[in-house]
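The sequence and coordinates come next.

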There are 2 protein chains.
Amino acid sequence: MSISERLETYFREHRERHLQELYEFLRIPSISSLSVHTPDIISAAKWLAQQLTSVGLENARVIPTQGHPIVYGEWLGAAGKPTILIYGHYDVQPVDPLELWETPPFEPAIRDGKLYARGASDDKGQVFMHIKAIEAMLKCTGELPVNVKFCLEGEEEIGSPHIGAFIEAHQDLLAADVLLISDTPLWEAGQPAICYGLKGLCGLQVDVRGPSEDLHSGLYGGMIHNPLHALAHLLSTLFEPDGRIAIAGFYDQVKPITEAEKAEFGCIPYDETAVRDELGVPCLFGEQGYTVLERNWARPTLDINGMWGGFQGEGTKTVIPAEAHAKITCRLVNDQDPEEILMLVERHLHQHTPAGIALSTTGMNSAAKPYVSSIDHPAIQAAARSYQSTYGVRPIYTRMGASIPAAEIFFRLLHLPIVLLGFGLPDENCHAPNEHFHLQNFETGLQTICCYYKEISTIRSL
Amino acid sequence: MSISERLETYFREHRERHLQELYEFLRIPSISSLSVHTPDIISAAKWLAQQLTSVGLENARVIPTQGHPIVYGEWLGAAGKPTILIYGHYDVQPVDPLELWETPPFEPAIRDGKLYARGASDDKGQVFMHIKAIEAMLKCTGELPVNVKFCLEGEEEIGSPHIGAFIEAHQDLLAADVLLISDTPLWEAGQPAICYGLKGLCGLQVDVRGPSEDLHSGLYGGMIHNPLHALAHLLSTLFEPDGRIAIAGFYDQVKPITEAEKAEFGCIPYDETAVRDELGVPCLFGEQGYTVLERNWARPTLDINGMWGGFQGEGTKTVIPAEAHAKITCRLVNDQDPEEILMLVERHLHQHTPAGIALSTTGMNSAAKPYVSSIDHPAIQAAARSYQSTYGVRPIYTRMGASIPAAEIFFRLLHLPIVLLGFGLPDENCHAPNEHFHLQNFETGLQTICCYYKEISTIRSL
């Protein structure tokens, strides 16, 4: 029996126990953004460290940070072989609106071949797969083909505010040849995808203030600038009618999309009509002169994420409110710098603030730089071969409109190539009610991970 | 002893009992906008009807409407004399934020010569003064110099939605020569003012909708029109940079301010710097080419009263929300029609809605037409003489940026001249925490009311 057959048998025979263990992990409500769940964060970290030890990893431990702890573990028995650093996260998104969940978010349930639970796909399920892949290889062969280190954090869903300081302080501990992350989706069922580009992120809250108190719109109408008018005006100045962002300098550092990349994007089977119908809009919209994929993957965007002020109740209240607010985030591409873009946005807002209105802005704590790698890198080509051997088709190469802040930080601080070897599907409701994970990809994914460790072990120079 | 001396003595000797009775009235939390207080509305109406009876009015009763009831009462013993119809309201505004009240809103308390309670000024206190003026005149002289009818409603603070139908159904009952309302402020302490113009009102809620669900701004950024962008854009199109309203046709029916009225406004002692400092803004703002008083009193305005959508919590949520909302009201002047203006606003919004966004609008239930009377009317000149005889100074003539919807309805349906004979002060926190009423104006006001009844009785033709 070949090694891969032995692994397959092992996975099949231990499937039920593996699922029970994953349920244990998923039952811990490790929501990082809500301080009431800090004890659950600690529980999840401890559970992970015990898992790492139990499958045969060494020096597994929970390491404190200024925020939620990081779980580390290693197996360094493959002398002369490359070292894979596996990054993932054990924290999850909040679950509201709770009433939209068909089964409780922290009581795992299987329906139609899908495992439903918060974190099933993002990212507990995929972190767990790496642990079980290692368990299987160690049990079946007594060794791993490569050296492995785990670095699992508890703050990914809140923007990874402390991972940079942790990496800087633990450069020797984390030294490796490749960073492997399983936290991205396949293109669609049966069609793997390798994401080679992530967007950067910056954001701010905008607060405008007019009179010192809410005023009666009859007694004071026509006298002063209404903060809601000022905010609507300010926000409207951020955009051109053609969808471009109207902030001076915003695009200055944006690298044009190459003709080669445009051609690659054009080959991807992307059905704009289906997307339009799925989203329930009469038409798609964005910066003119670019396709939808180009806009989402390779052009920067700016979104107002929230806006509020004045009366929101039923009926009418004739008030001129004292203040109004908005939250804005920008998704960035190379070579935009989050701090510089934040400064440009703030400068634009200050320049366009009307008379009689006081503006203040607060930058968000966690920002991320954009990241794009070359698909020719041998660590990425090894991932392509692994996907092809288990899914039976060549993966497509994609970028993402979203961010994984830690990826760029690892790249910048440790100079590691980054491989995004994910097994989710785009419609698995990450960050939404009824998050789930397709068990078919749990099975095929375990084999793909084992295959990737083997592929990496054959590469001489990374 | 003259009649006015006898009245003064009566008021002094019965002051404490009058205040105790007013406390009873003020203790009833008759908040019209909150259905939980409907029993209190009924209690307040019954209390009023009993008061009317107890002071000597006839046929006092609580008359049901489609909404909160109306309290009616009459004294028709002055054969051949004019009839005064007294309109007021026994409902009050909500009290939140409750924590800002120094004493509970429904436990009347006197501090520094001011009576603190919700409704003390707006309008229970001023309704009560008319009842006590009549009590005094009947007790001291056995009769009134004029015929009197009361029409006291319980829905003024929610826009008087049923007063029109009530008036139409009770034209004979309400037949009179003049409508008297005590629900407006003096100009300042010691300086009475006769308001001869009220603004109209119309309003709507604006709902914009994009995708069928909230979306992740990374996964869908650059793909669709963000409803918050659309709403900010839509609202910004309502205004010109110079403060004019940019809606086609909005000003078409606006009567220009006459040179005579401009001159009168210019004579009013109005300190823009003091107002600016009081409101806590660096500068005042509004339609160019008009003074602050002209804008507030005699030019139409449009205010966004509320705006909301997306994430309003702490921190960041990278969401593209499915929908966004705003509430808008317009204050109108002659000869703007609320329904026509509403239609113009809705048409403008639909014309400016960007592609990919669905717009719906909902007009508010209660609208009001603007109302302006001539200050030369003998019923108004009688009010001027009454103020002068009790306050010792000539009243100034003012308009208001606010609305009393019932006033214009009485005028239109019953063809009555309207006299706004109020005794509040502008800073008495109507609609806000710590509403209060200056007891000095309670005393002087009672005498002014008695004086006005006498003045009206001498007018042959109204």
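## Cavity, interface and backbone

By class, four nonpolar, four polar and one charged residues make up the lining of the largest cavity. The model discussed here is predicted. The residues in question are B:Ile86, B:Tyr87, B:Gly88, B:Asp123, B:Gln126, B:Val127, B:His130, B:Leu152 and B:Ser182. Two elements of chain B, β3 (83-89) and α3 (124-141), each contribute at least two residues to the lining of the largest cavity. The volume of the largest cavity is about 30 Å³, and the count of cavities of 30 Å³ or more is one. Rolling a probe the size of a water molecule over the atoms shows where empty space is left.

**Interface.** Between chain A and chain B, 69 residues of chain A are in contact with 69 residues of chain B. The size of an interface is often given as the accessible area lost when the parts come together. For chain A and chain B, the buried area is about 5,400 Å², and carbon and sulfur atoms give 59% of this area. Of the area that chain A buries against chain B, 13% comes from A:Met223, A:Leu279 and A:Met307, more than from any other three residues.

**Cysteines.** How many disulfides does a search of the whole structure find? Over all chains the search finds zero disulfides. A disulfide is a covalent bond between the sulfur atoms of two cysteines, and the cut-off applied is a pair of cysteine sulfur atoms within 2.5 Å. The closest cysteine sulfur to that of A:Cys267 belongs to A:Cys195 and is 18 Å away, so the distance is too far for a bond. A:Cys267 is also exposed, at a relative accessible area of 66%. For A:Cys451, the closest cysteine sulfur is in A:Cys450; a bond is ruled out because 8.5 Å is too far.

**Backbone.** Most residues other than glycine have a negative phi, and most peptide bonds are trans.

| Site | Feature | Angle |
|---|---|---|
| A:Asp96 to A:Pro97 | cis peptide bond | omega near 5° |
| A:Asn334 to A:Asp335 | cis peptide bond | omega about 5° |
| A:Asp112 | positive phi, not a glycine | phi about 55° |
| A:Asn434 | positive phi, not a glycine | phi near 65° |

A:Pro97 lies between β3 (83-89) and β4 (109-111) of chain A, in the loop that links them. A:Asp335 sits in the loop between β13 (323-332) and α11 (338-352) of chain A. The loop between β4 and β5 (114-116) of chain A holds A:Asp112, and the loop between β17 (418-420) and β18 (436-438) of chain A holds A:Asn434.

A:Asn434, at 11% relative accessibility, falls under 20% and so counts as buried.

**Asp112 in chain B.** B:Asp112 is found in the loop between β4 (109-111) and β5 (114-116) of chain B. B:Asp112 is exposed, with a relative accessible area of 74%. The C-alpha atom of B:Asp112 is separated by 9.4 Å from that of B:Leu439, a residue 327 residues apart from B:Asp112 along the chain.

Key: Residues numbered from 1 in each chain as written. Chains lettered and ligands numbered in written order. Predicted model: local features only at pLDDT ≥ 70, side-chain atom pairs only at ≥ 80, totals over all residues. Heavy atoms only, no water. 1 Å grid on protein atoms, 1.4 Å probe; cavity = no way out; pocket = protein on both sides within 12 Å on 5 of 7 lines; lining within 4 Å. Points joined across faces, edges and corners; volume = space filled by probe spheres on them. Helix = DSSP H or I, 4+ residues; strand = E, 2+ residues; numbered from the N terminus. Nonpolar A, V, L, I, M, F, W, Y, C, P; charged D, E, K, R; others polar. Buried < 20%, exposed > 50% of the residue type's maximum accessible area, 1.4 Å probe, protein only. Contact = heavy atoms within 4.5 Å. Buried area = accessible area lost by both parts, 1.4 Å probe.
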